[in-house]
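Hello,

Here is the structure I said I would pass on. My notes follow it.

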Amino acid sequence: MTTLIWCLIVAALLPYIAKIPLAVAMKKAGGYDNNHPREQQANLKGVGARALAAHQNAFESLIIFALATLLAIATNTTNETVQFLAIAHIVFRLAYNGLYLLNLDILRSITWGIAIGCSFAMMWQCL
């Protein structure tokens, strides 16, 4: 169960880790506008726009992964398969962010599919 909790903590940090390249892009686009950051983010192009999308997608992914992890813990389904799937989810989400920034869309989509598949496979294990 400790592995699942650590994976959940890392997954909760991923949106904030994904914010780092976004903040860098904002700084390069005339300085970080802390008064109107969402307006500035909406106007980003290229890597900045991709960093914003990766940041937002990390929050979206967290919802499904958190549900899967909490379901596994609640049903005491904390076997090696579930732990492997949780670790794989984290690894593929990290790869997803990197691939998004590098603009490698096909590989990014594949990693997204694998990561989300891991979350649903965790849920399936709980049945």
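**What I found**

Gly98 is found in helix H4. Helices (H or I, at least four residues) and strands (E, at least two) are DSSP runs, numbered from the N terminus. Gly98 is partly exposed, at 29% relative accessible area. The cut-offs are under 20% for buried and over 50% for exposed, with partly exposed in between (1.4 Å probe, protein chains only). From Gly98 to Leu67 is 31 residues in sequence and 24 Å in space, C-alpha to C-alpha.

Before you read on: this is a predicted model, in which local features need pLDDT of at least 70, side-chain atom pairs count only at pLDDT 80 or more, and totals for chains, interfaces and linings use all residues. Residues are numbered from 1 along each chain as its sequence is written, and side-chain values use heavy atoms, with hydrogens and water left out.

**The chain as a whole**

The chain has five helices and zero strands. Its pattern along the sequence is α-α-α-α-α. The C-alpha atoms fill a box of roughly 50 × 30 × 20 Å along the principal axes. Of the 127 residues, 39% count as buried.

Contact here means heavy atoms within 4.5 Å. Take the contacts with a separation of 6 or more: residues 24 or more positions apart account for 73% of them.

The chain exposes about 7300 Å², and carbon and sulfur atoms supply 67% of that. Areas come from the Shrake-Rupley method with a 1.4 Å probe; for residues, only the protein chains shown count as cover.

There are 8 positive and 5 negative charges, and their mean positions are 7 Å apart. Lys and Arg count as positive, Asp and Glu as negative; His and the chain ends are not counted. Each charge is placed at NZ of Lys, CZ of Arg, CG of Asp or CD of Glu.

**H3 and H4**

Do the numbers first. The expected span of a helix is 1.5 Å times one less than its number of residues. Helix H3 covers residues 47–74, so its 28 residues should span 40 Å; the end C-alpha atoms are 40 Å apart, which agrees. Helix H4 covers residues 80–101, so its 22 residues should span 32 Å; its end C-alpha atoms are 32 Å apart, which also agrees.

Asn79 caps the N-terminal end of H4. One of its side-chain oxygens lies 3.1 Å from the backbone nitrogen of Thr81. A polar contact is a pair of N or O atoms within 3.5 Å; within protein, one must be able to donate a hydrogen and the other to accept it, and residues adjacent in sequence count only if both atoms are side-chain atoms.

The buried residues of H4 include Val82, Leu85, His89, Arg93, Asn97 and Tyr100. Their cover includes helix H1 (2–28), H3 and helix H5 (105–125).

Most residues other than glycine have a negative phi.

- Asn76 lies in the loop between H3 and H4. Its phi is near 55°, a positive value in a residue other than glycine. The position is just after H3. Asn76 is exposed, with a relative accessible area of 59%.
- Asn103 sits in the loop between H4 and H5. Its phi is positive, about 65°, although Asn103 is not a glycine. The position is just after H4. At 46% relative accessibility, Asn103 counts as partly exposed.

Which residues does Ser119 contact, leaving aside neighbours within four places in sequence? They are Ile64, Phe65, Ala68 and His89. Ser119 itself is in helix H5. It counts as buried because its relative accessibility is 0%. His89, one of its contacts, is also on the list of buried residues of H4.

Gln41 is in helix H2 (residues 37–42). Gln41 is buried, at 10% relative accessible area. Not counting residues up to four places away in sequence, Gln41 touches Lys19, Leu22, Met26 and Leu52.

Val10 is in helix H1. With a relative accessible area of 30%, Val10 is partly exposed. Val10 and Ala72 are 62 residues apart in sequence; their C-alpha atoms are 17 Å apart in space.

Best wishes
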